[in-house]
Amino acid sequence: MARRRLVVADIHGQIGIFRHIADYIRSCTARDKKIEIGFVGDYADRGEPGEWQGRHYADIGSRLVYEELFRLKGYFEEKKISYFFLRGNHERDLAGWFDNGRTTAKYTKDLENTAQGLRAEPSIVPEVLKFIEATALYHVDEKEKLLFVHGGVDPKKENILDSDPTYFLWARDHFYGSTRRYPYRVIFGHTKMTVPMVKEDRIGIDGGAYENGWLNLLSLDGSRAEILSFNAEGDMITRYKE
Ligand SMILES: [Mn+2]
């Protein structure tokens with residue numbers, strides 16, 4: 001029997017919304033410990049502004065999201081709930097920023113803000129870097145023929161698992177717009193879609209939370225996909241249902 005999965009789209013430091021999703025995950029897994037929880041990456045960057053110990057930060061949300069992720073990870077381990085954290089292009093950028101101050105130019109200001117929020121209490125930085133290092137480029141279920149990835153895959157590769165890491169992190173329309181029939185149902189984030197793309201061989205779940213205030217959560221039960229969306233007030237709507 002197929003297992004149920006809950007997969008969180010690109011969080012991008014939206015702590016106000018993510019807290020509701022974390023609570024939802026805790027309540028679902030308290031009832032059913034067999035649910036697997038997945039994250040498709042882009043946890044930080046462009047996060048919420050706010051106060052931290054009396055000081056204002058342009059992005060404190062990214063820090064708070066990491067803290068919540070670490071709490072969740074501890075909870076999964078304690079309760080023996082399976083999970084996976086994938087790497088997004090923003091994780092690679094953030095790690096590069098801490099490593100040598102260099103990164104994709106257009107994100108520099110956002111990364112500076114994220115780094116400042118993390119350095120508000122710098123002991124979290126090595127923990128974040130360790131977390132990023134442990135993230136996977138993809139997660140695959142060969143039995144159910146499911147592939148989870150941040151950006152996408154190279155449609156020209158016979159075995160799409162041989163795609164270059166740049167594809168896993170960055171792929172856009174040449175991947176999801178391809179006429180090829182993929183051998184897996186590829187679940188991906190990275191590209192904001194007002195209407196989620198749900199096809200037999202691909203599901204795009206990033207709704208662009210940092211722009212519109214709604215963060216998507218895919219519930220996948222066998223081949224049945226349902227996309228829920230949460231806002232900071234804790235409202236939950238169904239964006240897609242099969
Ligand atoms: Mn991305």
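1. Helices (H or I, at least four residues) and strands (E, at least two) are DSSP runs, numbered from the N terminus. The model is predicted: local features need pLDDT of at least 70, side-chain atom pairs count only at pLDDT 80 or more, and totals for chains, interfaces and linings use all residues. Residues are numbered from 1 along each chain as its sequence is written.

2. The protein chain has 8 helices and 13 strands. Its radius of gyration, taken over C-alpha atoms, is 17 Å, close to the 18 Å from the globule rule (2.2 Å times the number of residues to the power 0.38) for 242 residues, so the chain is as compact as a globular protein of that length. Along the principal axes, the C-alpha atoms fill a box of roughly 50 × 40 × 30 Å.

3. Phenylalanine 188 stands opposite glycine 204 in β10.

4. Methionine 236 lies in β13 (residues 236-241). This methionine counts as partly exposed because it has 14 C-beta neighbours inside 10 Å (buried is 20 or more other C-beta atoms within 10 Å, exposed 12 or fewer, partly exposed in between, with C-beta atoms placed from the backbone). Buried residues make up 43% of the 242 residues.

Key: Pairing = 2+ DSSP bridges.
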